[in-house]
Amino acid sequence: MIDVPKNWFRSNEIAPIDIAFHTLSTFKSNYSRYIEKQLIIKNDSKIILLINNKIVTPHEIGLKNSQQKNLIEFQSLFNEFDKIKCCQGAFSSTENKDIRASYGPQYIESCGQWRHIQCSSVLKNALTVLHTWELNVANKLLSEDDFLTKQTAEGLKITIKSTIELTNYLLDECNFAYVLTSKTNQDCLEKFFGTIRQVAGPNDHPTTPTFLQLYRMLSVYSIIKPPKSGNCCILEENIPVITITDLKTILNDKNDVNVREVKINNLKQKIDCIVEEGQWNFEDVFSEHNYSDVSSTAFECAVYFMAGYINKRLIKKTKCETCLKSLQTIYGISSNPAADLVNLKTRGFLTHPNHYLFKLLESLELCFMKLAESSSPFDDTHEEFFQAENITITFPCNIHKTEIITEIFIMYITMRMRQYSYTKNQEAKKLNKTKKKISKLVSS
């Protein structure tokens with residue numbers, strides 16, 4: 001009694017005295033199927049195997065049981081033949097009438113597809129040809145110029161061997177219907193390493209700790225970064241490790257007092273003790289003073305320029321009419337020597353700051369220049385500022401005076417910290433570049 005494998009059928013077109021079984025291929029693009037494998041038992045007990053209408057021997061397709069002496073051995077042959085994966089074809093013969101003019105006579109037309117004559121042994125033959133080619137060079141039958149380089153030959157051998165083993169594993173162990181060898185490339189891996197190198201920046205000496213750090217950073221970034229577009233939905237019950245809700249909860253945690261808020265609150269308390277209500281007028285900006293004997297310095301011009309920027313930002317943060325009136329934007333050309341930089345660079349859009357704001361930032365800049373190298377420049381700068389004797393700060397609006405003056409301190413000191421850090425980083429990059437060049441000249 002023969003145990004016919006799954007998806008095999010009895011053939012009725014064969015002679016009545018013969019027994020034949022066949023299995024069908026997968027559906028093609030036109031929803032048709034053809035006989036993929038056939039097993040015929042002749043009247044004299046001879047077994048014929050056909051693949052894609054081509055007679056093959058058990059040895060050609062790698063079957064071990066070439067001789068069948070009893071029913072058990074025949075059943076084993078039948079089961080092994082069932083596991084053989086067949087070529088699905090390279091091109092459609094209906095869409096491509098004749099490809100042999102372009103690809104050579106090694107292709108034949110069978111069941112509506114162009115197939116390679118020895119599609120099951122092309123990789124093995126390539127490995128044999130490569131070995132023979134290399135052997136001829138070793139025996140001085142060919143010159144070394146007629147062969148590949150050593151690195152290329154070794155890489156080609158590894159690629160062919162690994163492709164054969166991987167294909168056999170996927171077909172035999174994983175029951176794949178077919179294997180697209182063109183998909184087994186290293187492009188994705190090389191793209192990943194390229195991304196790592198790009199994130200690392202101009203680093204000529206990458207190390208393992210650097211790679212691990214960048215890998216962790218990219219892993220977290222891919223989790224918390226939302227997609228730019230798409231209509232994705234979560235189908236699984238397991239939620240991600242980090243969600244946007246978790247991040248918002250952390251940021252809005254009332255029990256977790258931010259260090260920045262603590263510093264700002266301390267600054268507000270000090271400002272609230274010394275700020276007084278007073279008038280800020282813009283008359284001094286365009287008043288006709290005699291500045292002919294007074295020359296401006298680069299320090300004053302730079303502070304004046306930044307004060308105009310701070311003045312413009314403050315206007316966007318308040319809706320109080322009293323505050324807006326004291327911080328009103330003034331354009332044009334000023335005769336004040338400190339306004340030389342603004343007068344040179346303006347095209348009608350740079351603003352002139354209030355005289356009191358300019359003097360306040362001038363004192364604040366002197367304090368920052370002293371303590372820019374300290375470990376806590378924000379705290380140390382305003383501490384230095386408030387240590388001055390008989391210091392008094394005025395502002396017209398009694399309601400918002402503390403908030404406005406605090407905002408001035410925060411804006412200016414934060415801006416100067418960023419500018420100073422950027423300048424120091426640029427100097428460090430130049431120094432590191434010089435050291436790398438020198439290190440290449442020194443033997444270790």
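Biologist: Which residues does Lys37 contact, leaving aside neighbours within four places in sequence?
Modeller: This is a predicted model, so treat all of this as prediction. Lys37 is in contact with Trp8, Phe21, His22, Thr23, Leu50, Ile51, Phe81, Asp82, Lys83, Ile84 and Cys86.

Biologist: Where is Lys37 found?
Modeller: In strand β3, residues 35-41.

Biologist: Then which backbone oxygens lie by the polar atoms of the Lys37 side chain?
Modeller: One is the backbone oxygen of Asp82, at 2.9 Å from a polar atom of the Lys37 side chain. Another is the backbone oxygen of Phe81, at 3.2 Å.

Biologist: Why is β3 largely enclosed?
Modeller: Because 6 of its 7 residues are buried.

Biologist: And the sheet? What is the strand order?
Modeller: β1-β2-β3-β4-β5, an open sheet of 5 strands with antiparallel pairing. The edge strands are β1 (9-10) and β5 (54-56), and each pairs on one side only.

Biologist: How many bridges join β2 to β3?
Modeller: 6 bridges, with β2 covering residues 19-24 and the two strands running antiparallel. Lys37 is the bridge partner of Thr23. Ile19 stands opposite Ile41.

Biologist: Which other residues have a positive phi?
Modeller: Asn7 is one of them, with phi near 70 degrees. Asn7 is in the segment before β1, and at 51% relative accessibility it counts as exposed. Asn175 is another, with phi near 60 degrees. Asn175 lies in the loop between α4 (150-172) and α5 (187-200). Its relative accessible area is 58%, so Asn175 is exposed too.

Biologist: New topic: the largest nonpolar core. Which residues touch the most other members?
Modeller: Leu361, Phe385, Ile408, Phe409 and Tyr412, out of 36 residues in that core. Elements that each supply at least two residues include α8 (259-274), α10 (298-315), α13 (355-371) and α14 (377-386). Helix α15 gives the most, with 9 residues. Apart from this core lies another, of 15 residues, among them Phe21, Leu63, Phe74 and Phe81.

Biologist: Back to Phe409. What does Phe409 touch, not counting residues up to four places away in sequence?
Modeller: Phe409 touches Leu267, Ile271, Leu360, Leu364, His382, Phe385, Phe386 and Ile393.

Biologist: Now charges. How many salt bridges does the count come to?
Modeller: The count comes to 7 salt bridges. One of the pairs is Glu407 with Lys317, whose closest N and O atoms are 4.0 Å apart. Glu407 is in α15 and Lys317 in the loop between α10 and α11 (321-326), 90 residues apart, so the pair links distant parts of the chain. Glu407 counts as partly exposed, at 24% relative accessibility.

Biologist: What about Lys359 and Glu362: how are they separated in α13?
Modeller: By about one helical turn, because they are 3 residues apart. Lys359 and Glu362 form a salt bridge, with N and O atoms 3.5 Å apart at the closest. Lys359 is partly exposed at 38%. Glu362 is buried at 13%.

Biologist: Which side chain does Lys424 meet in a salt bridge?
Modeller: Lys424 meets Glu373, 3.5 Å from N to O. Lys424 is partly exposed at 37% relative accessibility, while Glu373 is exposed at 59%.

Biologist: And which residues are joined into one network there?
Modeller: Glu373, Lys424 and Glu427, through salt bridges that share partners.

How values were computed. Residues are numbered from 1 along each chain as its sequence is written. This is a predicted model: local features need pLDDT of at least 70, side-chain atom pairs count only at pLDDT 80 or more; totals for chains, interfaces and linings use all residues. Side-chain values use heavy atoms; hydrogens and water are left out. Helices (H or I, at least four residues) and strands (E, at least two) are DSSP runs, numbered from the N terminus. A polar contact is a pair of N or O atoms within 3.5 Å; within protein, one must be able to donate a hydrogen and the other to accept it, and residues adjacent in sequence count only if both atoms are side-chain atoms. Contact means heavy atoms within 4.5 Å. Buried means under 20% relative accessible area, exposed over 50%, partly exposed in between (1.4 Å probe, protein chains only). Two strands pair if DSSP finds at least two bridges between them. A nonpolar core is a set of buried Ala, Val, Leu, Ile, Met, Phe, Trp, Tyr and Cys residues joined through side-chain atoms within 4.5 Å.
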